[in-house]
Amino acid sequence: MAAFKELVFSGVQPTGNLHLGNYLGAITKFVALQETHDCIYCVVDLHAITVPQDPETLRSSIREVTAAFIACGIDPKKHIVFNQSQVPEHAELAWVFNCVARLGWLNRMTQFKEKAGKDRENASVGLYAYPALMAADILVYRATHVPVGEDQKQHLELARDIAQKFNNDLGPSIAAHGFGEAFFPQPEPLIQGPATRVMSLRDGTKKMSKSDPSDYSRINLTDDADAIAQKVRKAKTDPEPLPSEEAGLAARPEADNLVGIYAALSDASREDVLRQFGGAQFSTFKASLVDLAVAKLGPIGSEMKRLTADPAAIDAILADGSERASAIARKTMDSVKDILGFVRR
Ligand code: TYM
């Protein structure tokens, strides 16, 4: 396959509270990748409206996710931070991809099945076509690496299938326009580390999620020290002490989850954590976890508060990022139009 310049892209929906899962599964990776790659991080507001949103809440959530990115250490000057709706090429390329993706591919998407639930007839067409827009988000920048949590793996596979089908179906035209064998790269998911799937604090078999009705199921990035301490103390566990080896976590989802969270927060492995806490009671372990979580998340929450107090400054960051993102996206879209045979100005 042709060589593509390495570029990182990822997105976060501005819906509900950002939580520890988003932070450990995605945002900490975004931060680290800035050292080695050019990165584009997007607040995906077009994805948010696949389910109904209150406009005022949506507006403040877009600013809050932007603030979270920055509070966690993303540099919007060196890299690009923007919101999706300010770059219309995302929606434009998504339409092209709606015509590339097959119904059979989308019918397999487990997230649609979960989100649409039993009343599938009443789900929006947008919710169904969501993965084609997600593929467009990535490929409109011809991005090569996509840091995400485990739950996005199937969508990334679909993005790869779409890229490949576009490259195959339009091969001669792609070559004729000087792009060699492939116009789009095969974007690679980066799903690594001990917390690619952070589970609910109330039920170790359920994913930690923005939409869980119980706030005790998750730690929000905006939670203060008291809230973090309460939630960790109340987190479901089992009566056994912690094992000394990873194999001992096998049938203990809640223990496994808390150890994974501790490992990710302290930049260690599960084994490292068990070496330290093997044989300890949960009360001891939870006290250390509270200290660690408060030390890591406390400053982020206060910085988010400071940043969201000045919405105009956040909007200026998004406007600047959108302009720089647009310049790249427009170029891709022009080439896509040429490849497809559209007549353009
Ligand atoms: P979203 O907004 O649901 O979640 C943002 C990121 O957080 C990760 N994540 C988790 N990781 C570990 N444990 C959890 N419990 C957990 N919950 C969420 C998600 O995997 C994600 O990386 N479709 C995407 C947004 C998107 C996107 C994109 C991502 C739109 N276009 C293009 C990458 C590239 C979503 O709904 O993420």
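Biologist: Is Val-81 buried or exposed, and what is its relative accessible area?

Modeller: Val-81 is buried, because its relative accessible area is 0%; buried means under 20%, exposed over 50%, and partly exposed in between, with a 1.4 Å probe and protein chains only. This is a predicted model, in which local features need pLDDT of at least 70, side-chain atom pairs count only at pLDDT 80 or more, and totals for chains, interfaces and linings use all residues. Residues are numbered from 1 along each chain as its sequence is written, and side-chain values use heavy atoms, with hydrogens and water left out.

Biologist: In which element does Val-81 lie?

Modeller: Val-81 belongs to strand 3, residues 80–83. Helices (H or I, at least four residues) and strands (E, at least two) are DSSP runs, numbered from the N terminus.

Biologist: What are the corresponding values for Tyr-262 and Phe-82?

Modeller: These two residues are 180 apart along the chain, and 31 Å separates their C-alpha atoms. Tyr-262 has its place in helix 11 and counts as buried because its relative accessible area is 10%. Lys-236 occupies the loop between helix 10 (225–234) and helix 11, and its relative accessibility of 40% makes it partly exposed.

Biologist: What is the accessibility of Arg-142, and what is that of Asp-267?

Modeller: Arg-142 is partly exposed, at a relative accessible area of 23%; Asp-267 is exposed, at 75%. Thr-144 also lies in the loop between helix 7 and strand 4, but it is buried, at 8%.

Biologist: With which side chain does the side chain of Thr-144 make a polar contact?

Modeller: A polar contact is a pair of N or O atoms within 3.5 Å; within protein, one must be able to donate a hydrogen and the other to accept it, and residues adjacent in sequence count only if both atoms are side-chain atoms. The side chain of Thr-144 makes such a contact with that of His-145, at 2.8 Å.

Biologist: How many residues surround the ligand, and which are the closest?

Modeller: A residue is near a molecule if one of its heavy atoms lies within 4 Å of it. The shell holds 28 residues, of which the closest are Gln-13, Tyr-130, Asp-137, Asp-151 and Val-198. Strand 1 (7–12), helix 1 (20–33) and helix 7 each contribute at least two residues of this shell.

Biologist: Which distances describe the polar atoms around the ligand?

Modeller: A ligand oxygen is 2.8 Å from a polar backbone atom of Gln-13. A ligand nitrogen is 2.7 Å from a side-chain N or O atom of Asp-137, and a ligand oxygen is 2.4 Å from a side-chain N or O atom of Asp-151. The protein covers 96% of the 710 Å² of accessible area that the ligand has on its own, as computed by the Shrake-Rupley method with a 1.4 Å probe.
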